[in-house]
Amino acid sequence: MSLLNLSFIVLLGILIFVSYFHFSNSFLDNYNRKSNGRFKFENSIRVIIFILPAFIVLFIFILYPVFETVRLSFYDKFGREFVGLYNYKWAINDPEFRRSILNNLGWLLIVPTFSTFFGLVIANLADRIWWGSIAKSIIFMPMAISFVGAGVIWKFIYEYRGPENTQIGLLNAIIVSFGYEPQAWLTIPIWNNVFLMAIMIWIQTGLALVIFSAALRSIPKEMIEASRIDGASELKIFFSIIIPYLEQTILVIWTLITIIVLRIFDIIFAMTNGEWQTGVLANLMYDWMFRGGGDSGRGSVLAIVIMIGVIPILLWNLHKHRQEQKI
Amino acid sequence: MNKFIKILLATITSSFLSFSALAGGHYTGPDLSGQKITVFGPWLAPQDDDFRDVVSIFEKATGASVEYGGSDSFEQQVMIDLKAGSAADAVIFPQPGLAANAAAMGGLVPLGNDIKQMVLNDYAAGQSWVDLTTYADENGTDQFMGVFFRVNVKSLVWYSPDNFEDNGYEIPSTMEDLIALSDQMVADGNTPWCIGLGSGAATGWPATDWMEDIMLRTHSPDVYDMWVSNEMPFNDPRVLEAMEVFGSFALNDDYVNGGSKAVATTDFRDAPNGLFTSPAECMMHRQASFIPAFFPEGSEAGVDYDFFYFPAFASKDLGKPVLGAGTLVAATNDNAATIEFMKFLLHPEPNERFMEKGGFLTPHKGVDKNKYSSETFKGLHDVLLGATTFRFDASDLMPGAIGAGTFWTGMVDFTNGKSAKDVADGIQASWDAIK
Amino acid sequence: MRKFSLTAILSQLLLLLFVIIWIIPTFGLFISSLRDKDLLSISGWWTSLTTTEINEIHRMSGMENQIKENNYYIIKGSVFEDNSGKKITSFGITSKKINEFSLGQIAIFKDESEVSIDEGGNYVWKSKNKFTKKKGKRLFTTSLSPPSFTFDNYREVLFKEGIGRAFVNTLAVALPSTLIPLIICSFFAYALTWMKFFGRDTLLALIIASLVVPLQMSLIPILTIYNDL
């Protein structure tokens with residue numbers, strides 16, 4: 001398909017949606033005017049116009065697959081025979097499954113915390129410095145790299161060669177220059193997860209940083225200036241003024257990154273493919289769904305477990321939203 | 001008289017022409033202009049460009065256009081495509097086991113007796129090759145569904161003749177000699193072996209090749225066949241014995257470049273570099289015949305590197321078993337263009353074109369052996385056609401869940417220190433789970 | 001307001017530390033992309049930033065390049081490409097002793113031919129008897145190699161068939177998937193925030209839940225739908 005055709009189709013797509021909203025709304029306005037502004041259903045129909053496209057997309061691409069997945073979790077590997085709770089029983093007893101849940105928990109605890117923490121600290125450090133924007137751009141840059149690309153980048157850091165050979169991984173080269181033996185970082189039990197998490201933290205800190213930077217601007221400057229004049233140290237200002245002001249933002253960012261981390265798959269897939277006990281639920285699900293013929297029953301169970309994991313966060317967010325509505 | 005001469009000339013010319021069409025001449029095909037055939041396979045650079053050049057012969061002869069796409073995670077991607085009904089017209093499977101899965105799902109179309117007859121006639125040991133591409137379709141009926149194109153011999157050890165000469169090493173003709181040679185190399189301060197199992201989502205497959213070669217050298221071919229079909233369980237003592245032999249190579253820190261820890265983390269494409277470094281990081285590398293494609297640019301066969309047959313145990317008296325594998329092309333679409341494409345692949349010309357590019361072997365009896373890119377490959381051709389026992393790569397024959405799943409990951413665990421028994425039990429458990 | 005207090009300096013240093021740590025991985029990739037392909041799995045990327053010592057194996061020219069001078073048959077050549085800037089420090093003629101000889105020394109092969117090499121990599125191989133082999137013997141060099149970079153990798157990728165297509169495809173995915181959701185969702189968000197209607201909270205919950213649905217789950221049902229269309 002030529003470039004011309006492609007751009008035409010893209011423009012057409014955009015045009016369709018813009019015109020949908022424009023014309024349906026003006027049509028409704030017209031109708032409303034014609035019935036002297038007393039059209040009973042005006043409000044409901046307008047709501048429907050607004051939410052319809054997004055809702056259709058949501059339904060087809062999210063809701064339908066979810067229902068289908070729930071259904072498949074009760075069927076056999078080909079999706080043909082009904083097997084009840086067989087797949088669930090298998091999951092509970094499978095050691096790989098338990099390992100994956102542990103790993104996911106590890107990821108959920110460590111990555112959001114550190115990303116948020118680093119983002120907050122760096123946002124403050126870079127706030128009033130003349131080269132602050134440059135620093136922020138550099139730290140944000142990893143967000144623009146795909147996860148698989150990040151995998152390639154970090155391969156040059158973690159790579160292992162034998163003790164007598166030249167090291168091509170940066171970490172091992174540093175270790176060797178201090179006289180220690182090189183390590184195959186990604187195969188060390190337990191710690192290899194931490195090394196993979198480092199990659200995610202490296203990426204996500206940029207996100208936290210950018211949001212915190214914006215939030216910092218909203219803190220009234222007079223308060224900070226006043227406390228400075230009063231002689232408060234920078235550290236005291238940080239803990240007593242800035243953090244309380246940013247409490248909301250901290251929680252929002254922490255939640256956001258948690259949700260992103262719950263779906264983590266690419267980094268682990270690209271670096272170790274779940275080997276050496278690094279697999280998380282998403283890797284296990286991928287393995288069961290697509291490897292060697294596929295078992296959609298077991299894969300579905302794993303997908304559902306991933307979704308269940310988000311329910312606490314979901315409820316908490318809903319709660320917060322309701323609170324805000326009341327204000 | 002005139003008429004007679006004309007008829008004579010006509011007969012001579014036509015038989016001459018038909019001969020040339022058969023005997024390595026140019027492929028000619030029906031007019032398929034405007035038609036498009038999509039092909040999906042596991043080959044990435046540089047084989048994908050080689051393949052595109054080969055199919056250009058078909059494109060020029062028929063006017064059809066052929067589009068090839070490749071993927072490193074082929075085994076997973078093809079399943080997605082087949083389940084969704086969006087698979088390419090022709091699919092290049094690196095494993096018959098996977099193709100059998102696809103056939104059972106109803107994803108492949110039978111190729112018909114014409115093509116089957118062509119394989120029986122043109123391929124050395126044609127019946128074996130036909131058997132390897134006959135699978136049960138979704139109704140359970142056996143159908144002939146694929147054609148092997150590009151095969152490789154696996155029982156080979158690659159080495160640098162110059163380095164061997166410098167050190168005064170001789171090519172071992174028995175396994176006992178090979179082990180003695182490895183010990184000699186360690187004593188001299190050299191490292192005998194480079195082993196690398198890394199391959200992205202397929203990490204572990206080179207270890208399965210080691211296992212299969214060792215199985216063929218420690219037990220009779222019948223045992224091998226029982227092992228493949230799981231008539232003999234995977235945790236049988238005979239399999240454990242073979243795994244321990246592999247361990248004697250891969251788990252021995254003195255034997256392997258980088259120690260046993262590096263085995264699973266080194267990519268299989270980087271591993272042979274050790275043969276060419278200065279100082280040399282290793283002396284030998286056991287790998288299939290396609291590996292020269294990954295040697296440093298400019299390396300010349302016979303000069304910078306060569307191979308010798310991975311020897312058998314003299315004490316076991318099992319002859320000279322050869323392990324091999326290949327890619328088979330199957331069709332998901334039975335339109336005229338795709339079927340003609342399959343026939344094209346059985347013609348000598350595409351085989352010879354790929355042979356010239358290197359890294360390509362074929363059991364086709366009608367190809368001109370001189371078209372091989374090097375003496376090495378002519379040698380491989382002879383090995384292929386002259387083995388006392390030939391067996392196909394076991395992990396490619398086993399069902400996908402094992403052959404492209406637990407067998408791979410199990411071997412990685414083995415190099416990480418898991419016991420042979422635990423690994424074998426795990427793989428047997430996955431066999432039981434799919435029965 | 002300029003501050004020269006200790007805290008200000010410390011905080012700037014700390015920031016600098018963060019920036020350096022963050023940029024090193026990407027910097028490593030950048031340098032690697034400018035290096036010779038074969039070197040990537042042999043030495044670390046930081047070695048190409050400074051002059052480092054490297055070991056190489058070269059093959060001298062064969063019988064086709066020999067000339068006769070006085071009573072000797074001579075093959076001359078250079079192991080390095082022009083302008084490589086490499087300086088040889090030692091060399092050898094067998095893989096067992098790769099730096100047996102220093103510059104200026106004459107190495108003698110088993111067949112009694114001699115070879116010597118200068119700092120710039122130019123060798124002279126002398127023999128009393130005619131050279132008979134097409135491919136020459138190997139020469140092992142240890143040399144100091146200055147930082148060298150190449151655009152070969154970029155050239156190979158950018159002008160490779162299909163890269164233009166890949167770029168266009170990326171744009172084709174990126175543009176609509178940015179603009180269209182922007183349009184659809186602004187209306188959606190407006191309705192959710194400012195309009196009261198039945199089922200609003202449930203819808204909100206559904207949206208947040210949808211953030212977690214793994215992409216792989218949607219793959220197969222959607223591909224099936226597309227194919228049925």
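Is C:Asp36 buried, exposed or partly exposed, and what is its relative accessible area? Before you click, keep in mind that this is a predicted model.

**Stop one: chain C.** Select C:Asp36 and show its surface. The residue is partly exposed, because its relative accessible area of 39% falls between the 20% and 50% cut-offs. Colour chain C by secondary structure and you'll find C:Asp36 in the loop that runs between α1 (6-33) and β1 (52-59).

**Stop two: chain B.** Hop over to B:Ser199, which sits in the loop between α8 (175-188) and α9 (205-218) of chain B. Here the relative accessible area is 6%, so B:Ser199 counts as buried, the cut-off being under 20%. Show the side chains around it: leaving out residues up to four places away in sequence, B:Ser199 touches B:Trp205, B:Asp267, B:Phe268 and B:Arg269.

**Stop three: chain A.** Finish at A:Ser100, in helix α4 (residues 95-125) of chain A. Which residues does A:Ser100 contact, once neighbours within four places in sequence are set aside? Select A:Gly279, A:Val280, A:Leu281 and A:Leu284 and you have them. A:Ser100 is buried too, with a relative accessible area of 3%.

Note on methods: Residues are numbered from 1 along each chain as its sequence is written. Chains are lettered from A and ligands numbered from 1 in the order in which they are written. This is a predicted model: local features need pLDDT of at least 70, side-chain atom pairs count only at pLDDT 80 or more; totals for chains, interfaces and linings use all residues. Side-chain values use heavy atoms; hydrogens and water are left out. Helices (H or I, at least four residues) and strands (E, at least two) are DSSP runs, numbered from the N terminus. Buried means under 20% relative accessible area, exposed over 50%, partly exposed in between (1.4 Å probe, protein chains only). Contact means heavy atoms within 4.5 Å.
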